[in-house]
Amino acid sequence: MLVGALFALAAAFLLSIGFGSNALSLGSVLHGLFAYDGSFDDVVIRDDRLPRTVLGVVVGMALGLAGALLQAVTRNPVADPGLLGINYGAALAIVVGSVAFSVTAPGQLIWFAFGGALLGTWLVSVIGGAVSPIRLVLAGVAVQAVFVGLNQALQVINTHSLDQMRFWLVGSLVNRDLAGLTGLLPFFLAGVALAAVLGRPLNAIALGEDTARGLGANPAFTRLAGMAAVGLLSAAATAACGPIAFVGLMVPHVVRLLAGQDERWVLLLSALLAPALLLVCDVLGRVLGSPGEIQVGVMMDIVGGVAFIVVARRLKAVRR
Amino acid sequence: MTTFVSREAGLDRRSIVVVAILAVVTLALVVLSVGTGDYDMTPAEVLRTLAGQGTKAQYLVVTGRLPRVLVAVLVGAALALAGSVFQTLTRNPLGSPDIIGFTTGSATGGILMILVVGSAPGFVALGALGGGLLTMALIAALCAPYGLLSSRLVLLGIAMSAVLAGVNSYLLVKASKENAARATVWLVGDLAGRDWNYFVPLAAVLVVLVPVVLVNGRALRMLEMGDDAAVGVGVAVGRMRNLLLLCAVALVAAATAAVGPIPFIALISPQLARRMTRLPGPNLVVSAFVGALLVVAADYVGQRVLGASLLPVGVVAATLGGAYFVWLLLVGRRRA
């Protein structure tokens with residue numbers, strides 16, 4: 001299973017580097033990666049495709065982990081940082097940061113994003129409660145609507161910032177340099193570390209509150225830590241490439257189908273398969289959108305929305 | 001006729017008072033709204049001009065601004081009526097067109113028309129109608145194994161909205177720059193520049209559809225009680241449901257074609273109406289008035305709140321409607 005996931009990720013990685021308006025063969029991709037000699041193809045690979053792909057891997061990993069954590073913490077099969085408005089909360093906070101406080105350095109914006117993501121997480125969990133999928137999704141829809149509205153209002157006030165923000169707000173991997181990413185790395189790593197530690201206690205929580213306590217886990221603390229990790233990961237992902245929905249919904253579902261309910265495996269495999277999915281969607285967007293390209297956020301809406309339909313139909317009983 | 005309609009639409013004395021208050025407030029807002037803009041007028045001046053006693057400049061200003069406000073009234077009423085019908089037929093307060101994806105579907109149809117044919121209101125309306133109907137058919141088919149009354153409808157609808165929103169962005173990316181700009185403005189839901197050319201078709205649609213819905217208000221109320229009860233009192237359930245659904249989709253499509261998709265009005269108006277009248281059932285007339293008031297108010301707020309920069313009505317509706325929705329969920333949770 002693990003080998004399969006790694007293989008899928010590697011395949012998506014190579015695909016993402018190879019595809020584009022200037023399609024490259026597998027041979028030249030490997031050549032550019034491992035035997036760089038300054039030819040045109042190699043430059044394209046190193047300067048353009050590689051950063052984009054690395055970004056996709058990091059963001060995908062963050063979103064996949066965040067989704068898996070959120071589903072485990074809320075014990076709710078439809079939880080996803082994008083669907084619940086958490087990513088958009090981070091995005092709103094970033095827009096506020098750059099419009100109202102004219103902050104531009106990614107290292108500072110990430111703090112705004114973190115605050116926004118936490119606010120979104122808190123709002124949704126207060127409003128939606130945890131048990132019923134419908135309530136949670138509705139809370140997400142409502143919170144998201146408020147965030148989107150505020151965002152549009154801000155853009156009307158400051159049309160100047162609109163143009164830069166518009167593409168970012170769709171969720172895209174284009175034109176991000178890796179230098180900006182380094183500022184986000186601590187957040188990302190902290191989130192991953194938290195997630196890695198949380199696997200076992202989350203397993204205990206899945207058995208129910210009392211059993212969890214009996215097994216020596218602290219449910220309240222675990223939940224809090226899980227939410228913090230979700231906030232860290234969603235904030236990093238959103239600050240890097242805008243709000244992208246559904247990655248965190250789809251992947252953990254597929255993983256649970258394949259690997260069962262052990263949260264440690266779910267987290268690990270989600271972290272590997274989510275970037276693969278994101279990269280494939282990005283490639284799809286480049287192929288379908290040629291000569292231009294369709295932002296990965298848009299592709300994710302379409303692919304992920306369809307997946308959500310499947311999930312909604314599969315849910316055994318829908319509680320109100 | 002009026003007594004018949006009022007009785008069958010579920011109007012008791014309290015509802016009539018509510019309607020009267022709503023109408024007065026709406027009218028006041030209309031007058032205020034007409035007076036708002038680069039050339040400010042006091043309410044008294046607006047009224048005098050409407051009565052035909054203003055200066056020529058004032059007359060031009062008022063006739064320039066009036067259609068926009070009237071379009072807002074009609075759009076609100078149409079959305080609210082459609083929402084009321086949908087919520088009753090699905091027996092689900094969340095089964096309203098903006099939650100379960102018809103509004104987004106109408107938008108997709110509208111954008112397609114703008115991109116392929118042109119942005120004349122007639123084409124956009126046809127596209128919106130087609131998109132809305134197709135979306136409804138799709139969701140109904142997806143939901144069929146569980147029955148349209150299951151709360152899965154809401155989840156499926158939200159999922160469908162996401163897909164369609166993606167499709168909408170895809171269409172915008174593929175479109176030429178000026179077409180995309182036009183479609184983007186329309187997508188937000190804006191009343192700017194709505195003149196009599198928008199008002200007349202919308203009014204025509206409403207003149208046909210609103211009486212159909214109101215006259216069938218009693219049957220709608222019976223349908224809410226359950227299919228068996230409805231059959232028992234002589235309602236042709238299948239035909240009536242299809243007729244009412246068609247009317248509601250057409251109302252949404254007409255409103256969407258006129259100003260773009262405005263969120264939450266269809267969801268909220270029937271809820272507010274029910275709280276105001278304290279009556280069960282669809283509350284059709286009161287809902288329509290609430291919807292009209294909400295849209296006019298949202299437009300007024302959008303013009304006022306930020307000084308020089310005008311907020312599109314769709315943005316205001318999304319923000320305030322979303323906030324109200326949050327509050328509803330919170331209250332509902334405390335009760336549960």
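Trainee: Which helix of chain B has the lowest confidence, and which the highest?

Mentor: Helix α1 (residues 2–8) of chain B is lowest, with a mean of 52, and helix α14 (residues 284–304) of chain B is highest, at 90. Where pLDDT is low, the predicted coordinates should not be read in detail.

Trainee: And chain A, what is the average there?

Mentor: Chain A averages a pLDDT of 80, with 88% of the residues at 70 or above. Its lowest element mean, 64, belongs to helix α7 (residues 159–170) of chain A, and its highest, 88, to helix α13 (residues 263–288) of chain A. For the complex, the predictor gives an ipTM of 0.77 and a pTM of 0.82.

Trainee: Why is Phe264(B) called buried?

Mentor: A residue is buried if 20 or more other C-beta atoms lie within 10 Å of its own, exposed if 12 or fewer, and partly exposed in between, with C-beta atoms placed from the backbone. Phe264(B) has 28 such neighbours, so Phe264(B) counts as buried. Phe264(B) sits in the loop between α12 (237–259) and α13 (265–277) of chain B, and its phi is near 75°, a positive value in a residue other than glycine.

Trainee: What makes Arg91(B) partly exposed?

Mentor: Its count is 14 within 10 Å, so Arg91(B) lands in the in-between class. Arg91(B) also has a positive phi, about 50°, without being a glycine. Its place is the loop between α4 (56–89) and α5 (102–116) of chain B.

Trainee: How do you know which residues of chain B are in contact with chain A?

Mentor: Two residues are in contact if their C-beta atoms, placed from the backbone, lie within 7 Å. On that test, 35 residues of chain B are in contact with 37 residues of chain A. On the chain B side, α7 (152–174) and α15 (313–335) each supply at least two residues, and α7(B) gives the most, with 15.

Trainee: What makes a residue on that side nonpolar, polar or charged?

Mentor: Ala, Val, Leu, Ile, Met, Phe, Trp, Tyr, Cys and Pro count as nonpolar, Asp, Glu, Lys and Arg as charged, and the others, Gly among them, as polar. The side of chain B that touches chain A then divides into 25 nonpolar, eight polar and two charged.

Trainee: Which residues does Ala162(B) touch?

Mentor: Leaving out residues up to four places away in sequence, Ala162(B) touches Ala245(A), Asp301(A), Gly304(A), Gly305(A) and Phe308(A). Ala162(B) lies in helix α7 of chain B and counts as buried, with 27 C-beta neighbours inside 10 Å.

Trainee: Why are α3(A) and α11(A) called roughly antiparallel?

Mentor: Axes are lines fitted to C-alpha atoms, for helices over the stretch in contact, and angles run from 0 to 180 degrees between N-to-C directions. Under 35 degrees counts as roughly parallel, over 145 as roughly antiparallel, 65 to 115 as roughly perpendicular and the rest as oblique. Helices α3 (residues 40–74) and α11 (residues 219–241) of chain A cross at roughly 150°, their axes coming within 9 Å, so the pair is roughly antiparallel.

Trainee: And what makes α3(A) and α12(A) roughly perpendicular?

Mentor: Their axes cross at roughly 70° and come within 7 Å, so the pair falls in the perpendicular class. The contact of α3(A) with α12(A) involves eight nonpolar, five polar and no charged residues.

Definitions and conventions
Residues numbered from 1 in each chain as written. Chains lettered and ligands numbered in written order. Predicted model: local features only at pLDDT ≥ 70, side-chain atom pairs only at ≥ 80, totals over all residues. Helix = DSSP H or I, 4+ residues; strand = E, 2+ residues; numbered from the N terminus. pLDDT = per-residue confidence, 0-100.
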